[in-house]
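Welcome, and thanks for taking a look at this one. Here is a short briefing to read alongside the coordinates.

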Amino acid sequence: MTADFVLDTSVVRSFVSDVRTAIAAAPSPEAACEAITPRFAELLEDSDWLPLDYRRPAPQSGMGGGIGQWLLYRADDGSLSLFSLVVPPGAQTPIHDHLAWGLVGLYRGTQDEEIYATVGGALELVERRSLAAGDFYALIPPHDDIHRVRTTSSETSVSIHLLTNDTGCVWRHTYEPVSGEVRPFRSGYVNVACDNGPDDLSHAH
Ligand SMILES: [Fe+2]
């Protein structure tokens, strides 16, 4: 398989290689997440591997609020992506889904997270949790798939996402908190275009 290493370093290559091996050997998403957990925890503890360029907010972001979604790696077949999500102090994402399983963890700063579920067509807040650097969880849809995150630290928060789709480029959804209205949503990446052509990109920003 060919792959696109945007951040092409030995740390990222070794991490992705171990992840791919674990996924190929695992009988289920749950088992894969468990197998990847030690390597993911290592990545969150390592203060050196993520250059400052990938910890910057992005004024023109597809997420709004100056939120930067920086692609670090993706498989050419769209089966895996690794990216950082940079949320300035006080900013929050729209309520959104991911449509793929994987691991999400906080690298810098603190965040409050609200997790939602659709119940009988309506959106319900099911859990609130606070995350500090080093905290992470396995996201396995539909569980935990719909959420909103807000930075609570005075510094910009940086979270690391390892998900089994090309999260920035697939069409997913945002949800209106009060009406529960669902809208098609493609966040894009700040640093890498999606493959579907310039027409589609207009939706991303
Ligand atoms: Fe998210």
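What follows is a tour by topic: the metal site, a helix pair, some backbone details and a few individual residues.

Please keep in mind that this is a predicted model. The iron ion has three histidines as its protein donors, His96, His98 and His147. Elsewhere, helices H1 and H2 pack with their axes 9 Å apart, and a cis peptide bond joins Pro141 and Pro142.

**The iron site**

**The H1 and H2 helix pair**

- Helix H1 covers residues 10-25 and helix H2 covers residues 29-45, and the two pack at an angle of about 170°.
- Angles over 145 degrees count as roughly antiparallel, and H1 and H2 are therefore roughly antiparallel to each other.
- The crossing of H1 past H2 is right-handed.
- On the H1 side, the contact is made by Val11, Ser14, Phe15, Asp18, Val19, Ala22 and Ile23.
- On the H2 side, Ala32, Ala35, Ile36, Arg39, Phe40 and Leu43 take part.
- Sorted by class, the contact of H1 with H2 has 10 nonpolar residues, 1 polar residue and 2 charged residues.

**Backbone details to check**

- The peptide bond between Pro141 and Pro142 is cis, with omega at about 5°.
- Pro142 is placed in the loop between strand E8 (136-139) and strand E9 (146-151).
- Asp144 also has its place in the loop between E8 and E9, and its phi is near 65°, a positive value in a residue other than glycine.
- With 7% relative accessibility, Asp144 counts as buried.
- Leu99 is not a glycine, yet has a positive phi of about 65°.
- The loop that holds Leu99 runs between strand E4 (95-96) and strand E5 (102-108).
- Leu99 has a relative accessible area of 43%, which makes this residue partly exposed.

**Buried residues and their contacts**

- Leu85 belongs to strand E3, which spans residues 81-87, and counts as buried at 3% relative accessibility.
- Leaving out residues up to four places away in sequence, Leu85 touches Met63, Ile67, Gly68, Gln69, Thr93, Val149, Ser157, Val158, Ser159 and His161.
- Leu85 and Leu106 are 21 residues apart along the chain, and their C-alpha atoms are separated by 9.4 Å.
- Gly109 is found in the loop between E5 and strand E6 (110-119), and is buried with a relative accessible area of 8%.
- Again leaving out residues up to four places away in sequence, Gly109 touches Leu131, Ala132, Ala133, Ser153, Glu155, Thr156 and Ser157.
- Gly109 and Val158 are 49 residues apart in sequence, while their C-alpha atoms are 6.7 Å apart in space.

**Partly exposed residues**

- Arg13 is located in helix H1 and is partly exposed, with a relative accessible area of 42%.
- Apart from its neighbours within four places in sequence, Arg13 is in contact with Phe5 and Asp8.
- Val119 and Asp195 are 76 residues apart along the chain, and 34 Å separates their C-alpha atoms.

How values were computed
Residues are numbered from 1 along each chain as its sequence is written. This is a predicted model: local features need pLDDT of at least 70, side-chain atom pairs count only at pLDDT 80 or more; totals for chains, interfaces and linings use all residues. Side-chain values use heavy atoms; hydrogens and water are left out. Axes are lines fitted to C-alpha atoms, for helices over the stretch in contact, and angles run from 0 to 180 degrees between N-to-C directions. Helices (H or I, at least four residues) and strands (E, at least two) are DSSP runs, numbered from the N terminus. Angles under 35 degrees count as roughly parallel, over 145 as roughly antiparallel, 65 to 115 as roughly perpendicular and the rest as oblique. A crossing is left-handed if the near helix is turned anticlockwise from the far one by less than a right angle, and right-handed if clockwise. Contact means heavy atoms within 4.5 Å. Ala, Val, Leu, Ile, Met, Phe, Trp, Tyr, Cys and Pro count as nonpolar, Asp, Glu, Lys and Arg as charged, and the others, Gly among them, as polar. Buried means under 20% relative accessible area, exposed over 50%, partly exposed in between (1.4 Å probe, protein chains only). Donors are N, O and S atoms within 2.8 Å of the metal (3.2 Å for Na, K and Ca); water is not among the atoms, so sites may look incomplete.
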